[in-house]
Structures are given as structure tokens and as C-alpha cells.
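Visitor: Could you take me through this model and set each label against the rule behind it?

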Amino acid sequence: MSIRRRVILITDGDDYARRAVEHVAKEVGGRCISMSHGNPSKLKGPELIHLIKKAPNDPVLVMFDDSGIVGEGAGENALKFVALHKDIEVLGIIAVAAKSRHEEWARIDVSIDRDGEITPYGVDKFGIPELEIGRINGDTVYCLDELDVPLIVGIGDIGKMARRDDYRIGSPITKKAVDLILERSGFYDK
């Protein structure tokens, strides 16, 4: 019998995101699948499952990126495969805002703005709250509404947000999003 791996899915995969997610994974005692970075994502779902299962401990943070492709691109196909896999328990998703030419959006439960404040409003790529409650625009968020996950947290562009999420200062916005997912999922209770 296989043990279900506890993962956090992140809808960004550029170099800034990789550095931030790697840093945060170490901070929370988890693992980042660094090979999942790419803009767009290069690894397919089965390859990611293999890497997740090899990770020495949970939580496992995995990145997905469509690089602005309309509809379901490579990142979203891989994300859905991982999220629906029988050996994976999705603790939550970090939905990253983007300003792409073709707006795609998804429902979110909460956002964390660039000042680290939790808000019911969506945020833009700079981490500034938008006008709509419970919605975020991005380029790898098209399929999120189809998934049954405990928590979706919206944030601005990982590792950026006018340097307020830079890995050299600890990626505090990304860390807060990961901490929120771990807390609300009951990760520390198990």
C-alpha cells in the first residue's frame, strides 16, 4: 500500500518562483521539486509523480506554468494529473496572478497582498488587491475550479511583487501563503 504524499501546488514556475519556492520549502521543513520549474512547464504529470514520491519528506511544493498559453497548456495538464492522482493529497494551491494577454481567472478562498495582509479580494501580479472578491486572474489557473482542494490562496507574482517577495529577504508573501495552507489543512496535526 502506498502512502499518500502531501503536496502544495503552485501556479508559477519561472526562475524567480523557483528560488522563492526552494527557500520556503527549506523554511517549512519540506521539499521543493526544483525540476518542476520552467516557463512553460516541461515535465509531464507521470514524471512529477515519480519525483514527488522520491522526495524524502512532506510537504512537497510543486510548480506549474503555462507561460500565457490560452486554455489548458502543459502546466495545467500536469497540475490536473498530479492533483487527481490517487497517491497525492493536495493540501492547497497557491494561485499566482499574472497579466497575460488572454485573461483567465479562477475562484480563490483568500489572497495575501504584497503587505502580507490576508484579504477576500483577488490581487494583481504586483500583490495589490483588485476590486473583485474571491477571484484571481492568471495564466495557469484555468482548471483550478474543476479541482476539489481544501484551500486556494491567491498571491502576486512569486519572488517579485516590487521586491517584497524576493528570496533574499525570505520570500515572506510566498511563505505566508504556504504557512496558511499548512495550518488550515491540519498538516501539523498529523
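Guide: Let us begin with Met-161, which is buried, with a relative accessible area of 1%. This is a predicted model, in which local features need pLDDT of at least 70 and side-chain atom pairs count only at pLDDT 80 or more, while totals for chains, interfaces and linings use all residues. Residues are numbered from 1 along each chain as its sequence is written, and side-chain values use heavy atoms, with hydrogens and water left out.

Visitor: Why is Met-161 called buried?

Guide: The word buried stands for under 20% relative accessible area, exposed for over 50%, and partly exposed for what lies in between, with a 1.4 Å probe and protein chains only. Met-161 has 1%, so the label is buried. Met-161 also has a positive phi of about 50 degrees although it is not a glycine, and it is found in the loop between strand E11 (152-155) and helix H4 (172-185).

Visitor: What makes Arg-163 count as buried or exposed?

Guide: Its relative accessibility is 70%, and therefore Arg-163 counts as exposed. Arg-163 is likewise found in the loop between E11 and H4, and its phi, near 70 degrees, is a positive value in a residue other than glycine.

Visitor: Why is the pair of Phe-187 and Tyr-188 given the name it has?

Guide: A search of the whole structure finds one aromatic pair. The ring centres of Phe-187 and Tyr-188 are 5.4 Å apart and their planes stand at 80 degrees, so the pair is edge-to-face. The rule pairs rings of Phe, Tyr and Trp (its six-membered ring) if their centres lie within 6.5 Å, and planes under 30 degrees apart count as stacked, over 60 as edge-to-face and the rest as tilted. Phe-187 is buried, with a relative accessible area of 11%.

Visitor: How do you know that the charged end of Arg-135 sits over the ring of Trp-105?

Guide: The rule asks that NZ of Lys or CZ of Arg be within 6 Å of the ring centre and within 35 degrees of the ring normal. The charged end of Arg-135 sits over the ring of Trp-105, 4.0 Å from its centre, and that of Arg-19 sits over the ring of Tyr-16, 5.2 Å from its centre.

Notes:
Helices (H or I, at least four residues) and strands (E, at least two) are DSSP runs, numbered from the N terminus.
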